[in-house]
Amino acid sequence: MSTDNMASVNIRCILDNPYAVIGVVNTKRTRIEIETKANEQNAETTKRNPINLVLVLDRSGSMASNNKLEFAKKAVISVLNLLHDDDVVHLVAYDDNVWNVFENARASARQVLYSVVEGLKTGGQTYLSGAMETGANLFEKYTYPGYSKRMFVLSDGLANVGLRTKEEIMKAVKKYNEKGIIIDSFGIGEDFDVEIMKGIAEAGCGQFFFLESAEVIVTLMTKALQSVFDVCGTQTQLIIRGRNNAIVTKIWGHENIALGAILGDLHVDNLRVVLCDFTVSGTVPEGTEVDILDYQLKYHRPGHIEEEPLTITGKLSVIFVNDESLIKEIDPRVKTLHAVQVAAEMDDRIALLIDSNRRDDAIALITEQITLLKQVEHLDDEKGMIEMLVRMAENMQNRLKEQAVSAKTAAKYYGHHGHMKKCHDYKYTHHYADEN
């Protein structure tokens, strides 16, 4: 357990089963839970870190359709209203050019800033990378020790000026993140590159939001900013290593096993969950307990990225037995998480089917997904997470059947929800509970 003046961070591992059979290679799975709780004894004196926030707003020509720019401007104004007076805010707008609409403003000046925001008009193409670089430079120009450095990137279009590929943009974003800048991305409407927008959030250790329609922008921007207010840890990394012949084979939702799980922010009073697969073998006496995994959780206090990270370490063990019947009972918490992660991979396939104009095949796969989730719904004791995911899947399936949603929107929806399930962040997922 690690504790600071804002929250305590606890980590626990839940094995699918505590036993392994002697003399064979056992495929095992563990659910790793990272729980944060507010320190009640310091509740009266705890003060959140002030925020140094850069808003990066797309004003390219496509933002004129469906009043998207008008709703985006309302979102910026809602952010100004939510910030505390001592927070610092900057607004960068871009089309094929980039300029600072305002910089180094205190949120207390919001009344003056409203008219500046409302005066923005749509322009030309989309110089996304240049806008983010300009935003990153503002943090170097205006340094505020102890302030959390955050960037919100809003875009509805493809990057067609400057850096254009996901790989190029992620490389640039990682450099910003190494300087302590956390970047959240907001894909607006149907006309955005979902892989690039997800990549920005992943490389920036932030969250990726899909704003399906202009009408939900203000609501989700509000929720996104509220989640920033309760951050108790940032740039979080979970490293998992096998020992004593154990080999980590998969960390669900995270491609680089050596790097581990990059988890971004930790929020007060929240639960983050990671699923890890591994193999283990041994020829030891019956009943021998053997350490098979080491784990290390690292995170920084908000606004203190230059300091050494706080670290929690631990280990996981199994008991070797000869009786194979002992390993048949699987912990229901591991079953439910595995179902969610399989459903996430289904989301990716559903998105591809919809993109390929195979709507009927996508609907059939959604049926399989709903069946999978319902099989574990009775095992779920986690604030109705599985029930919510079932409801969301059923709602979208009905919209697809009734052709009440376009193929572009549906594909973006599933691309985002696969990402959301892989993150398995309770506050993040529940942001969408009321939208479906």
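This passage walks through a predicted protein model, from its overall build down to a handful of individual residues.

A few ground rules come with the model. Since it is predicted, local features need pLDDT of at least 70 and side-chain atom pairs count only at pLDDT 80 or more, while totals for chains, interfaces and linings use all residues. Residues are numbered from 1 along each chain as its sequence is written, and side-chain values use heavy atoms, with hydrogens and water left out.

Starting with the overall build, the protein has eleven helices and 16 strands; these are DSSP runs numbered from the N terminus, with helices being H or I over at least four residues and strands being E over at least two. The radius of gyration is 23 Å, close to the 22 Å that the globule rule gives for 436 residues, so the protein is as compact as a globular protein of that length. That radius is taken over C-alpha atoms, and the globule rule is 2.2 Å times the number of residues to the power 0.38. Along the principal axes, the C-alpha atoms fill a box of roughly 75 × 55 × 40 Å.

As for what is tucked away, 55% of the 436 residues count as buried. Buried here means under 20% relative accessible area, exposed means over 50%, and partly exposed is in between (1.4 Å probe, protein chains only). The accessible surface comes to about 18,200 Å², and 47% of that belongs to carbon and sulfur atoms; areas come from the Shrake-Rupley method with a 1.4 Å probe, and for residues only the protein chains shown count as cover. Among contacts (heavy atoms within 4.5 Å) with a separation of 6 or more, 77% are between residues 24 or more positions apart.

Then there is charge. The protein carries 48 positive and 62 negative side chains, and the centres of the two sets lie 2 Å apart. Lys and Arg count as positive and Asp and Glu as negative, with His and the chain ends not counted. Each charge is placed at NZ of Lys, CZ of Arg, CG of Asp or CD of Glu.

On to the aromatic rings. A search of the whole structure turns up four aromatic pairs. Rings of Phe, Tyr and Trp (its six-membered ring) pair if their centres lie within 6.5 Å; planes under 30 degrees apart count as stacked, over 60 as edge-to-face and the rest as tilted. Tyrosine 144 and tyrosine 147 have ring centres 5.0 Å apart and planes at 45°, so this pair is tilted. Of these two, tyrosine 144 is partly exposed at 22% relative accessible area, whereas tyrosine 147 is buried at 15%. For tyrosine 413 and tyrosine 414, the centres are 5.2 Å apart and the planes sit at 70°, so the pair is edge-to-face. Tyrosine 413 is buried, with 4% relative accessibility, and tyrosine 414 is buried too, at 2%. Elsewhere, ring pairs tie Phe152, Phe186 and Phe209 into a cluster.

Valine 153 belongs to strand β8 (residues 148–155). With 0% relative accessibility, valine 153 counts as buried.

Lysine 198 sits in helix α5 (residues 194–203). Despite its charged side chain, lysine 198 is buried, at 9% relative accessible area. Not counting residues up to four places away in sequence, lysine 198 touches Phe208, Gly415 and His419.

Threonine 311, in strand β16 (residues 310–321), is partly exposed at 37% relative accessible area. Beyond its neighbours within four places in sequence, threonine 311 is in contact with Gln296, Leu297 and Lys298. Threonine 311 and valine 231 are 80 residues apart in sequence and 17 Å apart in space, C-alpha to C-alpha.

Most residues other than glycine have a negative phi. Asparagine 244, however, has a positive phi near 55°. Asparagine 244 lies in the loop between β11 (231–242) and β12 (247–251) and is partly exposed, at 44% relative accessible area. Aspartate 269 also has a positive phi, of about 55°, without being a glycine. Aspartate 269 is in the loop between β13 (261–267) and β14 (270–280), and it is partly exposed with a relative accessible area of 47%.
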